[in-house]
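Hi,

Here's the structure I said I'd pass on. Have a look at it, then read on for what I found.

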Amino acid sequence: MSNNITFLLPIKDRFKFTKRFLNSFNNILDIPIIISDGSYSKDKHNEIVKIFKDNPNIIYKKFEFDKNYLTFLTKLKNSIELVNTKYVALVCDDDFYFLDQIKSAVRFLEQNPQYSMYKSGVKNFAIYSDITNYFNYCIYGKLVLADDNYSSHDESITDENVIDRFKRLQDCYPYEGIFKTSILKKALEISVFVKCFHHNIFIDILRYIIFIYGKVYYNKKYLLLRQTNTPNSAGESHLENFDKVKMKTSKNYFEIYKKITIELEKLFLEKN
């Protein structure tokens, strides 16, 4: 496995999923993992640490509770400072990852520096637990594959002109894939600076920065399997009562996008 990639793993109270994620590699994972813990509970800390205590590739950092999305992004911003590899994947503890495909993706990005990101197909699955897994509901049980995520979109963004790439902004969901570390780092810096309060706004920032600095390569071979029947992903559980209508009618929404525009203009002028 190439050591030129790091897994950045934010967690929030779903310790059984975190244990499953770490155990899924059967101690053969030889790339760094940075675990960024924004959990409220501190009771399971020692239990998690036991899993990787003999693995020098895993770094664990405890942060303040992820009380809102800005706190979550600040945690990621501080965590990415620990990344020493050229590429990074923002991973979730309820998903499974194909290490051979990740290795191929890193090799592709190393050989094609004009690409900012490597995307792949994402296969959805669910786990259905019976009485024998009563205390591990949705964690262990019968795994059932479902359809592909985002299958209706062509996420290959290979236009040479950055403006043409901007026109396809909505064709790429950039959260699940492999980035140049500098890209994700810049997106987090801007997001925290403008006080981003919603996942959709962060995704927009990330898309623009990816397109300013390069293209997106898409491969149908899966980098990961995505579980659909789990509690909300780490960092997003507070969004349930803040729907998109409220977000877009908020005064903060328009003020933030003004700030985002200024920051992106700076990057665009620097790049061009």
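**What turned up**

Let's start with a strand pair: Y128 has K142 in β7 as its bridge partner. Strands here are DSSP runs of E with at least two residues, helices are runs of H or I with at least four residues, and both are numbered from the N terminus. Two strands count as paired if DSSP finds at least two bridges between them.

Before going further, a word on the source: this is a predicted model, where local features need pLDDT of at least 70 and side-chain atom pairs count only at pLDDT 80 or more, while totals for chains, interfaces and linings use all residues. Residues are numbered from 1 along each chain as its sequence is written, and side-chain values use heavy atoms, with hydrogens and water left out.

**The overall picture**

The protein chain has 9 helices and 9 strands. Of its 272 residues, 50% are buried, where buried means under 20% relative accessible area, exposed means over 50%, and partly exposed is in between (1.4 Å probe, protein chains only). The chain exposes about 13600 Å², and carbon and sulfur atoms supply 50% of that; accessible areas come from the Shrake-Rupley method with a 1.4 Å probe, and for residues only the protein chains shown count as cover. Take the contacts (heavy atoms within 4.5 Å) between residues at least 6 apart in sequence: 81% of them join residues at least 24 apart.

**β6 and its partners**

Back to the strands. β6 runs antiparallel to β7 (residues 142-149), joined by 6 bridges. With β9 the sense is parallel, over 9 bridges: K119 sits opposite Y218, and S120 has N219 as its partner. β8 is an antiparallel partner of β6 through 2 bridges, with Y118 facing I178. β9 also pairs with β5, antiparallel, through 3 bridges, and there D95 stands opposite R226.

**The core**

I178 comes up again inside. The largest nonpolar core has 74 residues, and F7, I178 and F202 touch the most other members. Helix α7 (residues 199-213) gives the most to this core, with 9 residues. By nonpolar core I mean a set of buried Ala, Val, Leu, Ile, Met, Phe, Trp, Tyr and Cys residues joined through side-chain atoms within 4.5 Å. Leaving out neighbours within four places in sequence, the contacts of I178 include I5, Y87, V88, A89 and Y118, along with I102, A105 and L109.

Most residues other than glycine have a negative phi. C138 has a positive phi of about 70° and is not a glycine. C138 lies in the loop between β6 and β7 and counts as buried because its relative accessibility is 6%. K195 also isn't a glycine and has a positive phi of about 65°. K195 lies in the loop between α6 (181-193) and α7; at 52% relative accessibility, K195 counts as exposed.

Have a look at N229 too, in the loop between β9 and α8 (244-249). N229 is partly exposed, at a relative accessible area of 21%. Not counting residues up to four places away in sequence, N229 touches C138 as well as F125, A126, I127 and Y128. The C-alpha atoms of N229 and N124 are 9.7 Å apart, although 105 residues separate the two along the chain.

**Cysteines**

How many disulfides are there by the sulfur-distance rule? The count is 0, taking a disulfide as a pair of cysteine sulfur atoms within 2.5 Å. As for where other cysteines sit, C92 is buried, with a relative accessible area of 12%, and C196 is buried at 0%.

Cheers
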